[in-house]
Amino acid sequence: MQRAARSLEHKALILTLVLGCQALAATFFAIDVAGDIAEAGLGWHLSIELGATLALVGGVVLGAFHVRSLIERGRQDQALIAAARGAMGALIRARFAEWRLTTAEADVAIFAIKGLDVAEIAALRGSAQGTVRAQLTRIYAKAGTASHTGLIALFMDELIDPASTLAEQGEHG
Amino acid sequence: MTIPLTKPLRNWDPVVKLTHWSIVAAVLANGAFTEGGSWPHIWVGYALTGMLALRLLWGLVGPREARFSAFPPSLSRALAHIREIKAGKVHDQSSHNPLGALMVYAIWGTLGMIIASGIAMAGLPPKAVSHDRHAVQQVAPDHGEEREGEENPLGEAHEAAVNLLYVLIVLHLGGVIFETHRSGRGLVLAMLPGRR
């Protein structure tokens, strides 16, 4: 469930650990260089060390920005999915009411829309496969479709607007 | 049919969690295990410095609730919050509540004092930790039993700040317990790793 958001979160976590190590390294180097300079003055060698340390600090700052963007993308993903879920739930309820599905049929229909097959639905509901098959037939008849794919397509068709979806993707790509 | 979305009201990001628990570990290590003035004590102190620096950087570039702007140190807001507590109002906070914010800045300030006095005492690393423990003991002789006898103002400042930190930690824990009890929300859970 919500695999994309999860993987973003996972990435953010790993990058955070890397960022933590970088911050530690930057601190140690900064303190070390400061000590060296305090002792020996800013020489040729120490200037380079100082530059390297500043670069490391810069890397930490950029890394922090990157982690922030990952975290925000993950949250946006979750918000979008939550919104889509709400809308999908409303649409499913509306259609089921319109088709006058019984409670048992509605249950079976939900599982079918989620992509489960007859055997899986029967196992989940603890009923015989024959019963589920009969229920599915009635659901298809009420929905005016002929197949499992057809049932799913009824919802997908209403949710997806190819023009806007592809246009958006063009902008991103 | 619809599964209720149980969403935690507060959701600390991984950087906040990492810095929080690293600082907890460093304070525990230096408070309970390492010997004051010894090189592990000093290096743990530097590690704490790095984590604090990262948290402060995060206060500028992190997500909204982790930024300083989300929890400005404000006495008037803290007083308003106390009035809310008295009135029994529970108010959603995505960041630290105003009292918690004061606590955060107090702890950071105290850590800053501890770090500054610590570095001032130990000196910067080439002197303090020049690969033999001898140097450490020369620079930081005030460890061991006779610490009390020696009048070292820096050492005293360090110790005073550490004691202040312990007081703040106890208050912080008290605050967390109180707020969890009051609001019934998983305040503690929001800071645990792996929680969302």
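How do α3(A) and α5(A) lie to each other, roughly parallel or roughly perpendicular?

Reply: Keep in mind that this is a predicted model, where local features need pLDDT of at least 70, side-chain atom pairs count only at pLDDT 80 or more, and totals for chains, interfaces and linings use all residues. Residues are numbered from 1 along each chain as its sequence is written, chains are lettered from A and ligands numbered from 1 in the order written, and side-chain values use heavy atoms, without hydrogens or water.

Now your helices. The axes of α3(A), residues 103–113, and α5(A), residues 129–143, come within 10 Å and cross at roughly 90°, so the two are roughly perpendicular to each other. On the α3(A) side the contact uses A104(A), E105(A), V108(A), A109(A) and A112(A), and α5(A) brings V132(A), Q135(A), L136(A), R138(A), I139(A) and K142(A). Sorted by class, that contact has 7 nonpolar, 1 polar and 3 charged residues.

A few terms there: helices are DSSP runs of H or I with at least four residues, numbered from the N terminus. Axes are lines fitted to C-alpha atoms over the stretch in contact, with angles from 0 to 180 degrees between N-to-C directions. Under 35 degrees is roughly parallel, over 145 roughly antiparallel, 65 to 115 roughly perpendicular, and the rest oblique. Contact means heavy atoms within 4.5 Å. Ala, Val, Leu, Ile, Met, Phe, Trp, Tyr, Cys and Pro are nonpolar, Asp, Glu, Lys and Arg charged, and the others, Gly among them, polar.

Moving along chain A, L116(A) sits in the loop between α3 and α4 (118–125). Setting aside neighbours within four places in sequence, L116(A) touches F111(A), I121(A), L124(A) and H148(A). H148(A) is 32 residues away along the chain, yet its C-alpha atom is 9.6 Å from that of L116(A).

Chain A also links to chain B: R75(A) and E65(B) form a salt bridge (3.0 Å, N to O). R75(A) belongs to helix α2 (residues 44–99) of chain A, while E65(B) is in the loop between α2 (39–61) and α3 of chain B. Over all chains the count is 7 salt bridges, each being a side-chain nitrogen of Lys or Arg within 4 Å of a carboxyl oxygen of Asp or Glu.
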